[in-house]
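Visitor: Could you take me through the contacts in this one, slowly? I'm new to this, so please spell out the terms as you go.

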Amino acid sequence: MADRFKLSVKNLSKAFVTKKDDTLVIDDISMDVRENEFLVILGPGQCGKTVLLNMVAGLLKPTLGEIYMDGEKVSGLDKRVRMVFQKLALLPWLTVSKNVQIGMKYAKVPKEQRERVAQHYIDLVGLQGFERSYPHQLSGGMKQRVGIARAYASAPEVLLMDEPFGQLDAQTRYSMEDEILKIWDKDKRTILFVTNNIEEAVYLADRIVLLSKRPAKVKDVFDLTGLPRPRDNLSEEFLRIRQEIADQMDLDLGQ
Amino acid sequence: MKKHTFILRNFLLNLLSFLSLGLLVLLWIVGSSGEASILPSPYEVWTKFLALSEDPIAGMSMLGHSLQSLRRVFVGLLAATVVGIPLGTMIGWSERFRAIFQPVFEIIRPIPPLAWVPLISIWCGVFEFSKYILVFIGTFSAIVVNTYAGVNLANRDNIAVGRMFGARGVRLITDIVFPSALPSIMAGLKTALTTGWGVVLAAEMISANYGLGMLVTRGSDSNDIQLVLVAMLLIGLIGALMSTAFTILERRLSPWRTDLN
Amino acid sequence: MAENNEYKVEVRHLYKNFGSLEVLKDCNFNVKRGEFICVVGPTGCGKTTFLNLLTCLLEPTSGEILIDGKPANPKKHNLAFVFQEPTAYPWLTVRKNLGYCLSLKHLPKQEIAARVENIARLMGLSADLDRYPSELSTSTEQKVVIGRAFAMNPDLLLMDEPYGQMDIKTRFYLEDEVVRIWKELHSTVLFITHNIEEAVYLADRILILSQKPASVKEDVVVDLPRPRDINSPEFVRLRSYVTDQIKWW
């Protein structure tokens, strides 16, 4: 008995048309995402992962194909889906608290409730005390956490994360990975996480969808639900899976 | 220890500014000394200034004249802002608007405000209204151009965030695009302020019953160079003060910016 | 001292303060000619300051940095650096970029051309010599920057997280490239990174910096044959060891 998937992508393709030529970026991708699973989309740099995510978020229109949520077709922006952007895009003229409240503001949630919920998530990501700070006063890791709080606070059913830790140094990255797993554990949602880092993917994912280089197709799907958490990135099992995936992943030197 | 060098460095830089101003005054004194000099000395200018307070020209004190000039600038500037910012925003945001308004704008823009004087004199006479119009014309382009540049360059990522979290249409513009464009708009206003000040004074020099520009002309006509210099000094000082006040205002309005100091 | 010749770089009792903030405290270490050293340490411990001192962009508060026995001097010594963002000059072709530092040193044109050809061949850039950096992918651009640095035959090549944001496969590929060139040219390389795996993969020795105020807490020799297998037990053990050392401080 197949459980209904939270999110389904069917035959999705995207081409960009410019004056010079057409570029096919996404080539007929289909995948299913189960409710509350942590799904990682892994692919070499520049393969089109962000484009794929933007389509699921409703910010870009697919050239071909459909997206389904809870069995119904969706198109365009949907308030059940929220994204943590790669380049963060914290609005610099708003304080941390106001940034976190933004989704609720447009959903016309009353002020008192907004502030309360925002505070809850600010505390959850460990930034209590920084509610009135401006983004430029925060470090990279802290800004990331605001981005996560902001996405969570608007109560999405599906949370998209576009290489959120890409700009961080390796050690902060490790601690943020633990952080996101902790938050996900306390507040379960469906997460679609994009990265180019195999180790990160194996550390975080229930399942990994491996994309080829551009134009992106689904190369393989790995099921890691058998690997118990918390995972040890130096254990034999971890390294074995990592090597297996690395062997499959395309080397994209771009040209 | 480093803190001391920091304070010292600041002090020395400030000292340098003072010294350069002092040098200017010194040059002035030197330039105005000697029998053949036509330039009044600082002392003479100062005495003239004091005399003027007792014996005002056109029934108005120096403060009065300054305020008149300022009034004209601000009215014109306000009008230009109220019309210019929305127009600039629409041009920056909507392709259709841009197609309609930009070509017309680009042709009118290069015409200097003073070239409009003849036409304006015929349409509006030479009184207050004509001054406001001139300031408006002089400041309008800077405001529109800077606004639309700011809107155009508004960070795409911020807009995506706005859309994602539910901002639509007008709200997207007021909540996201506008604050993004604010630095550029402020820069435009600052330029407009300086230009407007210059335009008002030029207009007053051509024809006016009062105002600092009028004083310059009056002084020139009656060979009263001290008067000219008093007016010039006041013009310069007020201009500098306005700039500084504006910068302080900008800093207050944009606490999130790290590039203002 | 006679032992000068053994060491390419000697750092003795290096201190650096910014005002009352102590960043580096009593750093001591030596680098032999032709060694590949990786420097690792906790976030914010002062690695970049360390690098800036070595490149002579900053003056030490006290202590000395010697290259070939003499105080480090960018005019006399060939120091080359590669930073995190590819910094190829966008207005020069690849060929001109590779030869840039050589032309600054006023070498004869023949020699510059020869060295550029050689480096391009070594780095696989021969096909791109007449293109501009903007036409290249990030990884290729970074290759140009690395090639430019190596082309100088530097006394010391300093690299600061040059592969920071690239995906793992590209990273491994570029790491292999650097190792290959390093072996060919016998350069001395100091490579700063946050990524312990990368450090163990590349280095002959790893210098572990402590927390601020940073000093060299430990010097770990990586005695594994190249090319290294990141999955081998010895590799994993070393990686685990270094990671723990950093966590402790």
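Guide: Let's begin with strands. Helices (H or I, at least four residues) and strands (E, at least two) are DSSP runs, numbered from the N terminus, and two strands pair if DSSP finds at least two bridges between them. You're looking at a predicted model, where local features need pLDDT of at least 70 and side-chain atom pairs count only at pLDDT 80 or more, while totals for chains, interfaces and linings use all residues. Residues are numbered from 1 along each chain as its sequence is written, chains are lettered from A and ligands numbered from 1 in the order they are written, and side-chain values use heavy atoms, leaving out hydrogens and water.

Now find chain C, where an open sheet of 4 strands runs in the order β2-β1-β4-β5 with antiparallel pairing. β2 (21-32) and β5 (70-71) of chain C are at the edges with a single partner strand each, so one side of each has no neighbour in the sheet. Inside that order, β1 (residues 7-18) and β4 (residues 62-67) of chain C run antiparallel, joined by 5 bridges.

Look for A15(A), which sits opposite L24(A) in β2(A).

Chain A splits into domain 1 (1-80 + 156-255) and domain 2 (86-155), with bounds that come from an automatic or database domain assignment. Domain 1 of chain A puts 20 residues into the contact and domain 2 of chain A puts in 13, contact meaning heavy atoms within 4.5 Å. Together these domains bury about 1,500 Å², and carbon and sulfur atoms give 62% of that. Buried area is the accessible area (1.4 Å probe) that two parts lose on being put together, summed over both. On the domain 1 side, P156(A), M176(A) and I183(A) supply 30% of the area buried against domain 2 of chain A, more than any other three residues.

What about charges? The two domains of chain A have 0 salt bridges between them, a salt bridge being a side-chain nitrogen of Lys or Arg within 4 Å of a carboxyl oxygen of Asp or Glu. On the domain 1 side of this contact, α5(A) gives the most, with 7 residues.

Finally, hop across to the neighbouring chain. 27 residues of chain A are in contact with 25 residues of chain C, burying about 2,100 Å², of which carbon and sulfur atoms give 49%. R242(A) forms a salt bridge with E197(C), with the closest N and O atoms 2.7 Å apart. On the chain A side, α5, α6 (198-204) and α7 (236-248) each give two or more residues, and α7(A) gives the most, with 5 residues. By class, the side of chain A touching chain C has 10 nonpolar, 11 polar and 6 charged residues. Ala, Val, Leu, Ile, Met, Phe, Trp, Tyr, Cys and Pro count as nonpolar, Asp, Glu, Lys and Arg as charged, and the others, Gly among them, as polar.
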